[in-house]
Amino acid sequence: MPDLRELYQEVILDHSRNPRNFRKLEPADRSADGTNPLCGDRVTLYVRLEGDRIAEVGFQGQGCAISKSSASMMTEAVKGKTEGEARSLFEGFHEMVTGRGAGDAKALGKLTVFSGVSEFPARVKCASLAWHTLKAALDKSDKVTME
Ligand code: ZN
């Protein structure tokens, strides 16, 4: 059986090297800039809505492997979901990476590769930057800074 941590690392490296939905959406219904000054991660998120469903989502930016892969996997996870579903997924993800709860592993699916981040407080912001930026975009706020 492969070591779970190695597998997690592979998924994260794959997404950081080949980020999915790495593009600007024009036009976009919502967009927001997120920065994580501690690590230097920056992400710009674009969302196209159909009703309250996230029809398209894309991102651009630069940062560490964790922030980039998390953004990539976040876009895959929320595409096609309603705003409400995306928000509750974020809550579960946030619980998991901050170690405050296990989150709903079934709903989180592949996103559980980031569960190990809870052991590295400095990395929690890297992993959740894209999610906070998505929330800002949905809340019609144009920027968010991780304090
Ligand atoms: Zn980072």
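This is a predicted model: local features need pLDDT of at least 70, side-chain atom pairs count only at pLDDT 80 or more; totals for chains, interfaces and linings use all residues.
Me: Which residues coordinate the zinc ion?
Reply: Happy to start there. The donor atoms lie at 2.2 to 2.7 Å from the zinc ion. In sequence, the donor residues follow the spacing C-x1-D-x22-C-x61-C.

Me: How many residues apart are Asp41 and Cys126, the pair that links distant parts of the chain?
Reply: Asp41 belongs to strand β2, whereas Cys126 sits in helix α5. The pair thus joins distant parts of the chain, with a separation of 85 residues.

Me: Is Asn36 buried or exposed?
Reply: Asn36 is found in strand β1, which covers residues 30–36. Leaving aside residues up to four places away in sequence, Asn36 touches Asp41, Lys125, Cys126, Leu129 and Met146. Its relative accessibility is 1%, and the cut-off is under 20%, so Asn36 counts as buried.

Me: What is the order of the strands in the open sheet?
Reply: The sheet has 4 strands with mixed pairing. Its edge strands are β3 (53–62) and β4, each pairing on one side only. Strands β1 and β2 run antiparallel and are joined by 7 bridges, and Ala32 stands opposite Leu45 in β2. The order is β3-β2-β1-β4.

Me: Which strands does α5 touch where it packs on the sheet?
Reply: The direction of α5 makes about 150° with that of β1. The buried residues of α5 also pack against helices α2 (65–78) and α3 (83–98). Among those buried residues are Cys126, Leu129, Trp131 and Leu134. On the sheet, the strands touched by α5 are β1, β2 and β4.

Me: Where does α5 bend?
Reply: Helix α5 covers residues 121–138, which makes 18 residues. From first C-alpha to last it reaches 26 Å, close to the 26 Å expected at 1.5 Å a residue. Even so, α5 has a bend of about 45°, and the residue at that bend is Ser128.

Me: Which residue just after α5 takes a positive phi?
Reply: Leu138, one of the buried residues of α5, is also where the helix ends, as α5 spans residues 121–138. Just after the helix, a phi of about 60° is found at Lys140.

Definitions and conventions. Residues are numbered from 1 along each chain as its sequence is written. Side-chain values use heavy atoms; hydrogens and water are left out. Helices (H or I, at least four residues) and strands (E, at least two) are DSSP runs, numbered from the N terminus. Buried means under 20% relative accessible area, exposed over 50%, partly exposed in between (1.4 Å probe, protein chains only). Contact means heavy atoms within 4.5 Å. The expected span of a helix is 1.5 Å times one less than its number of residues. The bend at a residue is the angle between axes fitted to the seven residues ending there and the seven starting there. Donors are N, O and S atoms within 2.8 Å of the metal (3.2 Å for Na, K and Ca); water is not among the atoms, so sites may look incomplete. Two strands pair if DSSP finds at least two bridges between them. Axes are lines fitted to C-alpha atoms, for helices over the stretch in contact, and angles run from 0 to 180 degrees between N-to-C directions.
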